Amino acid sequence: MRIGILKEAAAGETRVALLPESLKGLRAQGIDVVVEADAGLAAGASDQAYIDAGAAVTTDRASILSGSDVLPVVNAPDAADQAQIRPGAVVIGFLKPLDAPAALTTAIDAGVTLFSMELIPRITRAQSMDALSSMATVAGYKAVVMAADRLPRLFPMLMTAAGTIPPARVFVIGAGVAGLQAIATARRLGAVVEAYDVRAAAGEQVRSLGAKFLDVDLGGINTEGGGGYAAELTEEALDRGRDLIVKTAAHSDVIVTTALVPGRPAPRLIRREAVEAMRPGSVLVDLAAPAGGNCALTQPGVTQEMGGVTLLAPLNLPAEVPVHASQLYARNVLNFLGLIVKKGELTIDIADEVLAGACVAHQGKPVNARVAKLLEAEQPVARSQ
Ligand code: NAD
């Protein structure tokens with residue numbers, strides 16, 4: 001059996017799916033590992049380090065694509081790459097099956113088995129494979145560090161002979177994995193932190209990190225979707241959050257916003273009015289930018305200055321911390337591989353709850369029901385392209 005590790009082709013991507021340290025257990029099972037030259041360089045792993053770990057390194061990308069039984073990736077290979085993968089081979093990575101299912105049809109039609117990190121069920125057994133949480137942790141940390149770097153103020157309260165400097169005030173919107181890490185990081189830097197989330201359960205976690213939870217009366221509606229995620233709210237319920245955000249923005253130096261609803265555009269929570277209420281020099285980091293953004297003024301991927309307020313809308317923050325993002329991701333990938341590789345052989349039990357949930361397609365057919373529905377809705381033209 002052969003595992004192939006590609007150099008990620010997406011612009012700005014610096015992560016790699018497996019590191020040299022990941023290979024020991026695979027090599028011990030007699031699995032060959034072939035790595036594309038420079039695949040791990042930006043993540044701190046030289047070609048020599050992969051060779052020392054027992055892998056072969058090549059510049060021949062096509063031979064990795066066509067000769068591998070398993071291709072762990074960070075991002076989905078493009079259609080030209082997909083066309084070279086052999087039928088029955090497995091690709092595992094952030095494949096965006098709910099956002100861009102049509103981009104996977106070349107591989108699906110060729111009988112490649114696709115597992116998506118985004119679809120791994122959030123059950124206890126699969127926690128060690130939860131790459132979304134790993135990347136959200138990195139992004140939440142980095143968002144605060146970026147904001148601290150941009151802010152023309154200090155974060156901690158300082159008492160000096162020249163007088164006292166008050167602490168920065170940070171407002172975190174969406175207290176899921178990224179939001180909680182943003183809160184913890186801002187607290188470590190000495191900021192005073194407030195946070196808002198529609199899920200009441202988030203309140204206790206926010207308070208346990210030493211931040212204030214801002215409650216909004218949403219009239220007792222259900223705010224929880226399945227699997228610990230938020231439900232999509234009505235405009236009326238969203239408006240109550242928007243009003244709170246305008247009020248809180250006026251005294252916040254930094255806003256980090258992370259609110260998401262899986263498979264839906266990010267909720268537009270921050271009105272222009274809220275940005276205008278912020279003091280000059282304030283910083284807003286919209287971590288929901290890849291899903292369109294939480295702020296009405298966000299342009300995904302673009303940094304803007306508006307009335308002295310800086311609005312950052314990064315599209316791939318984990319790629320700015322490639323060493324640790326790759327380390328965490330590689331561990332998630334390895335744990336997933338443990339489900340499909342036994343004693344050096346590929347054994348896919350598609351009835352397994354984790355595999356069935358994460359599987360985009362197997363043997364030419366969609367497996368995950370949500371993805372199957374989306375693919376069905378695709379234009380017949382797109383399917384045949
Ligand atoms: P996410 O990235 O989908 O969303 C981020 C946050 O935005 C969530 O907390 C959500 O409630 C919030 N949000 C959505 N709409 C909002 C709105 N209109 N206003 C304010 N906030 C809004 O979520 P996530 O970070 O991936 O995780 C959500 C929850 O799932 C967390 O409680 C987390 O602890 C839990 N979780 C469980 C497991 C597991 O059981 N294996 C793994 C990871 C996370």
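The paragraphs below look at the ligand site and then at some salt bridges of this structure. This is a predicted model, in which local features need pLDDT of at least 70 and side-chain atom pairs count only at pLDDT 80 or more, while totals for chains, interfaces and linings use all residues. Residues are numbered from 1 along each chain as its sequence is written, and side-chain values use heavy atoms, with hydrogens and water left out.

Around the ligand stand 22 residues, of which R122, S133, V177, D197 and R199 are the closest; to be near, a residue must have a heavy atom within 4 Å of the molecule. An N or O atom in the side chain of R122 is 2.9 Å from an oxygen atom of the ligand, and a polar side-chain atom of D197 lies 2.6 Å from an oxygen atom of the ligand. The ligand has 840 Å² of accessible area on its own, and the protein covers 85% of that, as calculated by the Shrake-Rupley method with a 1.4 Å probe.

Elsewhere, the structure holds 20 salt bridges, a salt bridge being a side-chain nitrogen of Lys or Arg within 4 Å of a carboxyl oxygen of Asp or Glu. One of them joins R125 to D352, with the closest N and O atoms 3.0 Å apart. Because R125 lies in the loop between β6 (113-116) and α6 (131-150), and D352 in the loop between β17 (345-346) and α12 (353-358), the pair ties together parts that are 227 residues apart in sequence; helices (H or I, at least four residues) and strands (E, at least two) are DSSP runs, numbered from the N terminus.

Methods. Polar contact = N/O pair within 3.5 Å; in protein donor to acceptor, adjacent residues only side chain to side chain.
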